Amino acid sequence: MHVVAVSFPLWLQLVAAAALLFVLVWVLRGMTWDELFVPGRVQHALIAVALLTVIWSMRAETVDGLAMHFLGAAVATLIFGWRLAILMLAVVVVILAGFGLVEPLMVPFTILVSGVLPVLTTWALLRLSERRLPPHMFIYLYVVGFFGGALSVLAVMVANALLYGLFTPLAWDLVLSEYLRYTMLLVLPEGVLNGMIITGLVMFRPEWVATYSDARYVDGR
């Protein structure tokens, strides 16, 4: 593997910072803060942030800023809802930047691509399944839990490849050989891990999963 340092144009960094500010304002304005005071919710969120920080720190980086690691974004989205999940992943990225694992100028990009994008991908899949598919628990577990995890990491890797291929001097063949070629090494395990975690929580602690409802997926059959 080749470690190559690259950087985005200043104008694109400013656009990313402005886009992130817009997203955070949108999230905060729409958030129902009462949801945080569900018994145990704050403690669970703090524990999840700590775990995600550890998971994201264990990453393979072939190009400066272009890292491969498990996300856990789908699990965070299904457990906490998309708004809180975005805030949690933003905190994770800031913590990693504090430890020197993410370049400060790359923080907005990292939050948008590795945080906001997979969360909204998972949420869109959840909403689509609710509208188009039967209200069956296995739909939630396997279509949203498993496939949502796989789809979220695929979206992140494709977005990263496009950004680095289009807006940096990095050659497309290097992006393909040093990044995209490893896609399946992350997509399938991410889906399996997300599916297993969500299945375990739905079986034993369904009250912890904000997007799950027995009334819909069990009683509503």
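Leaving aside neighbours within four places in sequence, which residues is Ala-155 in contact with?

1. First, the ground rules. This is a predicted model, where local features need pLDDT of at least 70 and side-chain atom pairs count only at pLDDT 80 or more, while totals for chains, interfaces and linings use all residues. Residues are numbered from 1 along each chain as its sequence is written, and side-chain values use heavy atoms, with hydrogens and water left out.

2. Back to Ala-155, which sits in helix 6 (residues 137-167); helices here are DSSP runs of H or I with at least four residues, numbered from the N terminus. Beyond its neighbours within four places in sequence, Ala-155 is in contact with Leu-117 and Thr-121 (contact means heavy atoms within 4.5 Å). Trp-33 is 122 residues away from Ala-155 along the chain, and their C-alpha atoms are 29 Å apart.

3. Have a look at helix 3 (residues 73-80) and helix 4 (residues 82-98): their axes come within 7 Å and cross at roughly 135°. Axes are lines fitted to C-alpha atoms, for helices over the stretch in contact, and angles run from 0 to 180 degrees between N-to-C directions. Helix 3 and helix 4 are therefore oblique to each other, oblique being whatever is left once under 35 degrees is called roughly parallel, over 145 roughly antiparallel and 65 to 115 roughly perpendicular. On the helix 3 side, Ala-73, Ala-76, Thr-77 and Phe-80 make the contact, and on the helix 4 side Trp-82, Leu-84, Ala-85, Met-88 and Leu-89 do. By class, that gives eight nonpolar residues, one polar and no charged ones (Ala, Val, Leu, Ile, Met, Phe, Trp, Tyr, Cys and Pro count as nonpolar, Asp, Glu, Lys and Arg as charged, and the others, Gly among them, as polar).

4. Helix 4 also meets helix 1 (residues 10-30), with axes that come within 9 Å and cross at roughly 135°. That makes helix 1 oblique to helix 4. Helix 1 brings Val-23, Leu-24, Trp-26, Val-27, Leu-28 and Gly-30 to the contact, and helix 4 brings Trp-82, Arg-83, Ile-86 and Leu-87.

5. Helix 2 gives the largest share, six residues. The lining divides into 15 nonpolar, three polar and one charged.

Note on methods
Helices (H or I, at least four residues) and strands (E, at least two) are DSSP runs, numbered from the N terminus.
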